[in-house]
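Please read them with the coordinates open.

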Amino acid sequence: MLGLNKKDFSLFVFVTIFMALAPIIFNLFPTDSALGFFNGGYPDMMQRFAIFAIFAIGFNILFGLTGYLSFGHAAFLGVGSYAAVWMFKLLGYNIIPAIVLSIIVSGLFSVLIGWISLRRSGIYFSILTLAFAEMSFRLAYSVLTPLTNGETGLQVYNDDPQIMAGANSPDAPHLFGIKMNSASTINVGPWDFTFPVGYYVCAILMLISFYLSIRIFRSPFGLMLRAIKSNQTRMAYTGLNPRPYTLAAFVISGMYAGLAGGLLAAMDPLAGAERMQWTASGEVVIMTILGGAGTLFGPVLGAGTIKYLENVFSKMNEGLLHSWFSFLPDWLEAPVVWLISAFTGEGWHLTLGALFMVVIIFLPGGLVEGFQRIWKSTRRKTSGDDDANAKVTPAE
Amino acid sequence: MDAIFLQTLNGLDKGSAYALIALGLTLIFGTLGVVNFAHGALFMIGAFCAVTMQRLLNLSFVTIDETQKDFLGNPLKVETPYVESWFGPDMGAAIINWSVPLAIFLAIPVMLIVGFVMERGLIKHFYKRPHADQILVTFGLAIVLQELVKANYGANPIPTPAPAAFSGSIDIGAALGFDPNVIIYPAWRMAYFVFSIIIIGAVFSFLQFTTFGMVVRAGMSDRETVGLLGININRRFTIMFAIAAVVAGLAGVMYAPINSPDYHMGMNFLVLSFVVVVVGGMGSLPGAVLAGFLLGVLESLASMNEVKNILPGIDQIIIYLVAIIVLLTRPRGLLGKKGVMED
């Protein structure tokens, strides 16, 4: 179906259902109950999840397939955001031209950077991309201020031309009149489910990106990229030039990042240079690897896990922890709260770093590999002779 | 001419920091073959050793002075640092004043332990893994270390003043025959430069003139043969890792008065230090030092108004630009050996 084999198709259907029902899945607990705290179904959080899933899926096409570790992908995200906000300023708040232009601009930008960076591989490639991203970040802050509005961040002002904006079109990003930040809420008993427009726009684009990435993974082109990862020299000896393939992968992943940047701008029409900083590039690296680099579902899983945990952990403040652990005796409560509060609230990045290290050390294949291992060990208990078939390596 | 000379001097202190961090990075890469993204965090920990030392020395006990009254008429509470009561007021005040240089004695054992634990506990398991994994795990470690520091010391920069003797400036120009009062240079930056030269000299002579250093150099060029000769090369490489951590830590301690330490300073220096290492040539110790000073001075020269008028914004990107040009035209860096990580 849709040009996918049965397994991929069922994965795609699963992801589609998940994305469609995400407002319900993330809001598993009744709103006012004690566990309602663990709900993540806010429009903002879900939209970021979908956007970063696109970013990570694109990054995975480069890193997961070719093994080239780029530490500068946030530059494309930032360029995409700037392009989108410029479209808002010049043409009006409709998101279609903004997203199209952000993909085109970041694609062109990645052709330039990729053409230079891909002359080297390994750690040199990482450092070259890092250098380019830092250069873009610093230029956006200093010389390119007319284009980027420097530290204030690029935003839409009242005296901007907006030539395509009609008399009664909304003054916020919209899709043919439907505002991105509008949402409808449905109450089912004690549950409140919010269905935001912005999220569904992002989710549809994310599903299209996901479908494209499955097609790339299964295409002869994807096979070439995997050949580059496993042995570039041997590939060159068979008469194939690896450079065009890696460049194509780089540009594709740059365009994905541009799309994500455009959507970030569509969510909130403000673009700042800090989106291009190398810590932002580090975030997408963490997401992809946490989920499972080189697997189809990994980046989506990684983006979802990180965005959800970030949301929940940042909310836990000390007062809340005290109320949770109030059942403990006093002498025990204080140290327990102290210990946990180091990892929550402000300390969320500590949890993230520690989690990332644990994954790298024990699960190089990411969470997807973890689930596969669990799956295998449960299967082994039921049928012991399936070992030869069970040795499915992740799509890597 | 004066301006060029002054900017060269200005670049030296930043260049010294780059050179020291890059030297440590290269030591680790040359011995263990590991790309250490947590090296900036080690620099940051060193700077926070200075903060800790300052706080330790300022620990005070409170006495109630009955002879003096505050404005409400209550007896005045006087805080006396312990050091002042132990060594007398003058000596104690002097010790507190010199807390940053004294922090070196705290930083050396701390960094040795941190380096040793890091190598034995984590990096050891990553020798056989691909470079990408090494980068990623040390990147994770860097995040963890910097968040730990943030949890303990807060997110704001903490001022750590240099000793009063170094707080002024030196008129170097007058000493070298220029007009007086043209080339004035802060004394602490001069001290930092001299200090880094001493550390660099110490590391090089340690490698060059001791038996231990000889074995390490032999191990760097052919690890297997040295192992076959019955020398426990792994233990020596572990010690070299700890020494590299100490070098980064000392660079951080002495840098604290120049730039008030905050938890994020390591990351900013790390990116630049990697660029420095690559420009100097992966695995080449003299290359790292040379490139460190070179890029520091270049950055400072590029921020002159004359240059900025011709090429706006060049001061922000000169280092990266140089790195890109070097990487594309001379793959092994300025002084890199042929065939070391050249692909």
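1. How many of the 6 residues of strand β4 (residues 183–188) of chain A are buried? The count is 0, and this strand is accordingly described as hardly covered. Please keep in mind throughout that the model is predicted.

2. Strand β4(A) is joined by 6 bridges to strand β5 (residues 191–196) of chain A, and the two run antiparallel. Within this pairing, A:Val188 has A:Trp191 of β5(A) as its bridge partner. The hairpin formed by β4(A) and β5(A) leaves 2 residues between the strands, and A:Gly189 takes a positive phi near 55° there.

3. Just after α11(A), A:Gly292 takes a positive phi of about 135°.

4. Among the buried residues are A:Trp278, A:Glu283, A:Met287 and A:Thr288, together with A:Val284, A:Val285 and A:Ile286.

5. On the contact between the chains, 30 residues come from chain B and 34 residues from chain A. On the side of chain B that touches chain A, α6 (131–153), α12 (265–280) and α15 (314–329) of chain B each supply at least two residues. The largest share of that side comes from α6(B), with 14 residues. Sorted by class, the side of chain B that touches chain A holds 23 nonpolar, 4 polar and 3 charged residues.

6. For chain B, an unreviewed UniProt entry places the feature "transmembrane region" at several spans, including residues 15–35 and 95–118. In the model, residues 15–35 of chain B are 86% helix and 0% strand, with end C-alpha atoms 21 Å apart. Residues 95–118 of chain B are 96% helix and 0% strand, and the end C-alpha atoms of this span lie 32 Å apart.

7. Concerning confidence, the average pLDDT of chain B is 85, and 98% of its residues score at least 70. The scores for the model are ipTM 0.82 and pTM 0.86.

Terms used: Residues numbered from 1 in each chain as written. Chains lettered and ligands numbered in written order. Predicted model: local features only at pLDDT ≥ 70, side-chain atom pairs only at ≥ 80, totals over all residues. UniProt positions renumbered as here; feature names shortened; annotations may be inferred. Helix = DSSP H or I, 4+ residues; strand = E, 2+ residues; numbered from the N terminus. pLDDT = per-residue confidence, 0-100. Contact = placed C-beta atoms within 7 Å. Nonpolar A, V, L, I, M, F, W, Y, C, P; charged D, E, K, R; others polar. Buried ≥ 20, exposed ≤ 12 C-beta atoms within 10 Å, placed from the backbone. Pairing = 2+ DSSP bridges.
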